[in-house]
Structure formats: C-alpha cells, structure tokens
Amino acid sequence: MRVTVRLLAALWLAELLIIGAFTVAQVTEERARLHDDLERRASLLAEGLKEAVEPSVRRGSPAAVARVLRKFGRPDRRIAVYDAFAGLIATAPVPAAGRPASTAQGAAPARPAPPTPPEVAEAITSEGVRKGLRTADGQTTYVYATALPGSDRPLGAVVVELDASYLEAAEWAVWRYNILRFLALALGLGVITLLVVQLTVTKPMAELAEWAKQLRAGRPARVPAIGDASLFGPIATEVSGLARNLYRARAAAEQEAALRLRGEAIWTEERLKQFAQSQFGGQPLYVVSNREPLSHVWRGGKVLALMPASGVVSAIDPVMRACGGVWIGHGSGDADRETADEHGRLGLPPEDPRYSLRRVWLTEQEEAGYYYGFANEGLWPLCHVVHARPLFRPTDWAAYRDVNAKFAEALLEEMEGSEAPMVLIQDYHFALLPALVKAQRPDARVAIFWHIPWANFEAFGICPWHEEILLGMLGADLIGFHTQSHCNNFLESAERALEARIDWEHFTVVRGRHVTAVKPFPISVAPTFVEDPPTTSRAELCARLGVNAEFLGVGVERVDYTKGLPERFLALQRFFELHPEYRERLVFVQLGAPSRSRIPRYQELAAQVEATVEAVNRAVGTRGWKPILYLPAHHDRHDIWPFYRHADFCMVTSLHDGMNLVAKEYVSVRDDGDGVLILSRFTGAARELRDDALLVNPYDVDATARAILDAVEMPVEERRARMRRMHQHVREHNVYRWAGLLLGELARIPVEPGVRRPVGGPADVLA
Ligand code: F6P
C-alpha cells in the first residue's frame, strides 16, 4: 500500500508541475494578447481624437473640445483632453446605461473629476506617448496618453483610459480551468494506477506468495503465471527456482524415505543423481540427438516453446535433469536462434535450468539429405519391418556423413577441457558419430543407443553403406538396443559384414584393440508423466471434445506408417460391425502429431489416415455419433494427460517398434489402477508387458477387434489387477533405472588415458 501511495504521490507531483508550468505559460500568453488588444484599441482612439481636438485646443475652446468628445463617451472607458500644464480641458461624458453618449440627457450625473494620471504630464514633457496598466482604488485600467503637438512645445495631451479589470478575470478563468483539469487527471491517474498496481503487482505477488507458502507446507502447487515478465521476470524466476528446488528436495527426501520404509529399491531422480556423482564425479554428461528437447517456434507473432513428440526426448530429458550436462541437438525451430546465445546455447528447463542445450544449425540442404533423406527414407524403413522400400541416394549419404561430422565438431568443442567425458549418442541419425569422436578423444567413454529395431542381416545388408554404418557405430565402447534380439541382429550383421571377432558369450565385438559391448537396455519413462497433472475430469474432457460416451479409447502417435494407424481404425470398424450394441456408446480419440511431412510417404499416410477415419465414421457412425475422433496436431504433455487418465483403453498397434513409450506413458499415468492396454506384439514394450496387456497382431484386423471387445468387457477386478501389475513394472523399470544401468555399464569400460590432439577435424577421419 505504501508503494501505491508513493507512486501516486510521485505521479500527482509530476502532473502538478507539468500542468502548473503549462498554466503559467498560458496565462502569460493570454495576458500579452489582451494587453496588445487594449493598446491597439486605446491608441486607435487617442491618435484619432488628436487630430479632431487639436484645432479646438489651439484656439483655446474647451466647449468645442467637449463637443468633439461627447460622441466618444462609454461606461467602460474614460477619454479626456488636457492643456499644456496637464490641466483638464474636457472629458467624454459617461452615458447612463442604455443611452447614447451624444444626447445631453443621456449623460450620467456629473461626477468629481478623477485625478490626472501621471502619464499625462510625462507624455507632454516627453512630447510623445506614455501608456501602461495602472491600478488605483482596486480598479485596473489601461492608460494611453499622447501629446498634442504644438509649434514649439506640446499644446496638451489626449488620454484614453480603458477598463482592464477583465484581464484578471481572464487569467483566473485559465487557472480555474487548469485546476479542474488537474483534479480530473489526478482522479483518472489514481484509479488507473490502483488498477495497474493491483493487477500487475499486488495480485501476482500475492499469488507468488501463496504458491511459495503452499510449497513450504509441502503441498505441490502449479507455478502462477507471471504476466509482466519484464517487471517481475527476474525476481519471479529466482523465487520460483528457489521454491521449486526446495519442493523438489523435500519431495525427493520424502520419496526416498517412503521407499526405504517400504523396503523398495526403486530408481528415482535423486538416486540417479547420486549415482552419476559417484560414477563420473561431477563430470558433465554429453548427450547427442537429432531432436532437441525444446524447440522455439513463432506462432501468431509470439515465440512458443514446444516439447517435441519424440520418444528420445521423453526418455532423455528426465535423465539430463537428474545428471546435468550438455545436450547437443539440431536447432530446428524457426525461433531457435532468437532464444539461444551466440554459441547456440541455453539452459533447460528454462524456468529452472539444470542442464544446457547446445543447438547445432543445419542448412536446408543438410537437413533434407541427412534427416529427411538418409535417416528417414533410408535407415528408418530399413530397420522397421513394415514393407516400406528404403531409398538410398548417394547425395543423402554424403549429407549424412557431413552432418555427423558437424555434430562431432560441436561435441568435441563442448567437451574441451573435460577429462574422460561420458558421451551418450542417440539413435540412427548418428551412426558415424561414435567413431568420429573416439578417433579424436580416445579417453571419452562413448555409448550409442539405437532407439529403433535392428533388422537381420538379410534386410540390413541391402544398404550400400552398411559397412560404414557398422564401423561408425563400433567406434563406441557400448552399443545399446531395447531387446536382446536387436543386439543379436546387430552382432550377426557385424560378424557377416566385417572382419571382426564376435564374442557371443559376452556380446562384444572386437576389432584390433578396440572392444565394443552390445547390450539390451529396454528404455522407459519417468515415473511422473507430468509434474503437475491437470485436474480435468472425465466429464470435462468429454464436454471439451463434444462427445457423450460410456467408453473412451485413445491412441497417441506421431503420424508414421510404422504405427499401424489405418490398421487400428479398420479394427475399430470391424468391432462396431460385429458388436453394434457398442455403437453410440464408445468413442475412440486419436491424437496424431504431424511428423516428417516433407517426405512423400508421410504425406500419403496423412491423407490415408484422414480418409480411413472418414470411411470408418461413414460406415459405422450414426447421425449424432462418430466412432473415431481424429485430432491431428501437436499436443502438449499436459493436454495428453487427461486422455491417458480417462481412457478405458489405449491402443498401440505399431507394425514394428523399437520400444514404444506411449504404452509405458499410458500405464505410468494410471496410478488409479484402471484402464486396459491393447499392445502390438511387434513392439519392444510387448516383451515387458506381455502378461497384462492385450497383445495383438495389428495386421490381424479381426483379432484386434476382439481385443477391443475384451478391453471393454473385461471384469473390473481383472482389469485393475492387470493395470496394477503393469503400473508397478513401469514404475520399477523406469528411465532412471535405464540410465543408471547404461551409464554404470559405460563407466566400467576401461578407456585410453589422455586426450589425443586432433590432427584434423572429424571430416578428415571420414575421408
Ligand atoms: O523411435 C525413434 C525416434 O527417434 C523417437 O525418438 C521418436 O519418436 C522418433 O523416432 C523421432 O521422430 P522425429 O523424426 O520427429 O525426431
């Protein structure tokens, strides 16, 4: 309140000074204008009369002078003629109100003559003009006295006195007007200031204080939105950071205590943090992935931060939050440059930085060849058994090599000064990176985790550059896949394509003095899908979607041909054909994040998905009910949470998938112990959840339709028992455990000591 008063006082004082200064200027100007007007009128009259009375004065005829003056008498002025000794000769008679001065009867009764103004004598003496304002007896007049010229000395003088009392009235009117203006403005400013202070200071501060109080009391609360970041941004960020750290530390301690009490040995963020400290003693962890954990894009003139729909991002972000370090990724957002420093770096998460993101910039050509071309039209269909023909263009391969070298440069730059760094490379975009890094930093411990399947050698061997890919990957000390069968396929490929010794007992590849371990590490999700889940109820969700359904199914995918979307929709159609009693009672909501949409195969798929949804809705839908609600857009994790939480079943029908984290996300959100997971047997997740998910072959439309029926008709006890077991499994086999096992394995691998001075860059290694 005191701040508001001070602010108001300052504003009012400023207003007072400004309006005061303006008023003084206005009054001065007005006074000058009126003064000029008086002078002009008085001089016209006096100078005009001079000629008229001069002969009569010369003749010494006061009566004649009086006759001339008779016509000029008016109540607001006095005109008089004086002789050479300033003696009054005659004055113009002042008429009674409403009568002309020229009629003798109209003249007011004679009044005693006023004293001669000093200007008369002065004008005669100086033989010129004397003029100015005079105040006598409380009355202000304007006096204009002009000498009547004679042959050697003046004959006398003509004097005109005009009433100037209205000058003060006019000045006072200006003051009065500006005082009113000041008061009105002060009132307006007061109201606006109070409102602004209330909305931008008092309210946010009160919310921030309440939020901090809640956190202090150990209750999780969502960070209040701070409207004016430029005003409160820095302090709000600091306070939020402190409070968040406090809350996190408290939650971690409570969680650890609770786990200890229950005798559970679950991996948590805190445990991974401690583990990382013990394993690599505060050295930062270096992660490289194509997809960056947060991209910034322009939307409607504003910069928006988006967490991409990517399994790599969902899995690695919690690990980086726990371990800290540097994540190198492609800066693909159109506002990425504006939101990073000149080296492409920024702290993440933005509100409470715990690791750093280094963005690598690619040209359109590089992105087209490396990402869209070789990675996604070559390796992606090569590794997924979905009968999509891989395309191998030499230009794409060249771009892939160049971009791998570019990322290697960035990584080496980031690692400068760090001894025996731990490097975790992600996915099929960077098959060449391990060898590039190892060649220049043999002291680094390098792992590459392949998030997609690895095909058998018959399939893999069709890639014209399969040897280079294998050699690039074998530069790593550790290669991770989701499943043992992917490891076996890789080892078999290395055995058949290269001169290398495969140790099938220890699952290693030995080439010269270098040993690469190849091991399965089934990836997972963090136990908490979002830290502060929304409070949306099922009824609210349905109302928002405009659906009225007894059963709700959900699918959450990038629109990708490996995900089996058309197959899923055909299974839904079959279900409604076989079980029409479920029509108008069940709605399936498909969230589809647009993906790789520059690739023709993905464009075809997007059209095919839309057409299939339409065809199914037409075939089995009714007037007021559509069985499938397709929402193609990028969906934020907060938006996805209510779908997972309230869906009676979730469908994951990938035709082939390395792991599929949607299955695990759905299960992890269901700590209410309800919901059914329909899961393709061709996913890595199916190996872990095979006992309790309803496993399907997505190519078998009838069988998938039967699984939908089983999902909606499953007895509640069985449903809950299955979900509880799956939930527990995912909770225990979470991403912190995945990272702990992988990093633990990597930390145990002996590496060459010392840093090798690079003779050239990564490009030379590839040459
Ligand atoms: O499945 C492997 C993966 O890299 C996942 O992380 C992610 O879901 C997807 O492929 C990557 O998609 P994008 O091409 O959009 O990065």
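**A walk from a cis proline to the ligand shell**

Pro349 sits in the loop that links strand 10 (345–348) to strand 11 (355–360). This is a predicted model. The peptide bond between Leu348 and Pro349 is cis. Its omega is about -15 degrees.

His387 belongs to the loop between helix 8 and helix 9 (394–415).

Helix 8 (364–383) and helix 7 (311–323) each give at least two residues to the shell around the ligand. The residues around the ligand are Arg291, Ser310, Gly311, Val312, Tyr371, Trp380, Asp427, His451, Ile452, Arg558 and Arg596. By class, the shell holds four nonpolar, three polar and four charged residues.

Start with Ser310. One of its polar side-chain atoms is 3.3 Å from an oxygen atom of the ligand. Gly311 uses its backbone: an N or O atom there lies 3.2 Å from a ligand oxygen atom. At Val312, a polar backbone atom is 2.8 Å from an oxygen atom of the ligand. On its own, the ligand has 390 Å² of accessible area, and the protein covers 89% of that.

Helix 12 (residues 466–473) packs against helix 13 (residues 484–497). The angle between them is about 115 degrees, and the axes are 10 Å apart. The crossing of helix 12 past helix 13 is left-handed. Which residues in helix 12 and helix 13 meet? Helix 12 brings His466, Glu467, Leu470 and Met473. Helix 13 brings Phe490, Ser493, Ala494 and Ala497. Sorted by class, this contact has five nonpolar, two polar and one charged residues.

Note on methods: Residues numbered from 1 in each chain as written. Predicted model: local features only at pLDDT ≥ 70, side-chain atom pairs only at ≥ 80, totals over all residues. Heavy atoms only, no water. Axes fitted to C-alpha atoms, helices over the stretch in contact; angles between N-to-C directions. Helix = DSSP H or I, 4+ residues; strand = E, 2+ residues; numbered from the N terminus. Left-handed = near helix turned anticlockwise from the far one by under 90°. Contact = heavy atoms within 4.5 Å. Nonpolar A, V, L, I, M, F, W, Y, C, P; charged D, E, K, R; others polar. Near = heavy atom within 4 Å. Polar contact = N/O pair within 3.5 Å; in protein donor to acceptor, adjacent residues only side chain to side chain. Areas by Shrake-Rupley, 256 points an atom, 1.4 Å probe, with all protein chains shown as cover.
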